[in-house]
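Hi,

Here is the model I promised to pass on. Have a look at it first, and then read my notes below.

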Amino acid sequence: MNSQMINLVWVLSITVLFVASEASLLLHKADVLVYNDLGVGMQLMVHCKSRNDDLRVRILSYRNHFEFKFRPQFWGSTLFHCTFKWNGVSHRFDIYEQNRDIRLCNRCLWNITLKGPCMLNSETSKYDICYPWNA
């Protein structure tokens with residue numbers, strides 16, 4: 001083999017190794033479920049978005065849910081925020097904030113309550129990780 005061919009094989013080998021190692025660095029897919037836990041007979045309007053995705057408006061009856069899946073960004077900047085409306089009330093909340101949630105869940109289950117959003121705690125099996133509304 002001449003030196004150009006050896007260099008080409010070397011570059012291709014390094015490229016294959018890099019691609020293979022990058023593939024192993026891909027983050028798991030995240031799964032977010034949002035449940036209406038406002039109370040019997042109360043409908044919840046949910047509209048979630050990220051910088052790149054608009055997940056459309058969903059109307060959830062009591063105890064129904066909305067689910068979406070995505071792959072978090074390698075750089076840790078994935079953010080999905082939602083607007084929640086019911087009975088003339090409107091609130092906003094960051095339903096998936098990568099730096100906050102990546103250590104807490106792969107499958108993030110949220111109950112939306114009158115007081116605010118609460119995430120299922122895998123250690124207690126209760127919805128006891130609660131946050132205030134953003135606005």
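How many disulfides does the structure hold? Three, taking a disulfide as a pair of cysteine sulfur atoms within 2.5 Å.

Before the details, some housekeeping. This is a predicted model, so local features need pLDDT of at least 70 and side-chain atom pairs count only at pLDDT 80 or more, while totals for chains, interfaces and linings use all residues. Residues are numbered from 1 along each chain as its sequence is written, and side-chain values use heavy atoms, with hydrogens and water left out.

Back to the disulfides. C48 and C82 have their sulfur atoms 2.0 Å apart, and with 100 degrees about the S-S bond this link is right-handed. The pair links distant parts of the chain, with C48 in strand β2 (residues 44–49) and C82 in strand β5, 34 residues apart. (Strands here are DSSP runs of E, at least two residues, numbered from the N terminus.) C48 is buried at 0% relative accessible area, and C82 is buried at 0% as well; buried means under 20%, exposed over 50% and partly exposed in between, using a 1.4 Å probe and protein chains only.

C105 is joined to C108, S to S 1.9 Å, and that link is right-handed too, with 85 degrees about the S-S bond. C105 counts as buried at 8%, as does C108 at 0%.

Then there is C118 to C130, at 2.0 Å from S to S. The torsion about its S-S bond is about 110 degrees, so this disulfide is also right-handed. Because C118 lies in strand β8 (residues 117–121) and C130 in strand β9 (residues 126–130), the pair ties together parts that are 12 residues apart in sequence. C118 is buried at 9%, whereas C130 is partly exposed at 45%. With the bonded cysteines numbered in sequence order, the pairing reads 1-2, 3-4, 5-6.

Now the aromatics. A search of the whole structure turns up 11 aromatic pairs. Rings of Phe, Tyr and Trp (its six-membered ring) pair if their centres lie within 6.5 Å, and planes under 30 degrees apart count as stacked, over 60 as edge-to-face and the rest as tilted. One of the pairs is F70 with F80, tilted, at 4.6 Å centre to centre and 40 degrees between the planes. F70 is in strand β4 (residues 65–70) and F80 in strand β5, so the pair ties together parts that are 10 residues apart in sequence. F70 is buried at 9% and F80 at 4%. Both also belong to one aromatic cluster, made of F66, F68, F70, F80 and Y96.

F93 and W110 form an edge-to-face pair, 5.2 Å centre to centre with 65 degrees between the planes. F93 is buried at 2% and W110 at 0%.

Finally, the largest pocket, with a volume of about 160 Å³. A pocket is an open set of points on a 1 Å grid over the protein atoms alone, where a 1.4 Å probe fits, with protein on both sides within 12 Å along at least five of seven lines; lining residues have an atom within 4 Å of a point. The lining includes F70 and F80 from the aromatic pair above, and strand β5 (residues 79–86) gives the most to it, with three residues.

Cheers

How values were computed
Points joined across faces, edges and corners; volume = space filled by probe spheres on them. Helix = DSSP H or I, 4+ residues; strand = E, 2+ residues; numbered from the N terminus.
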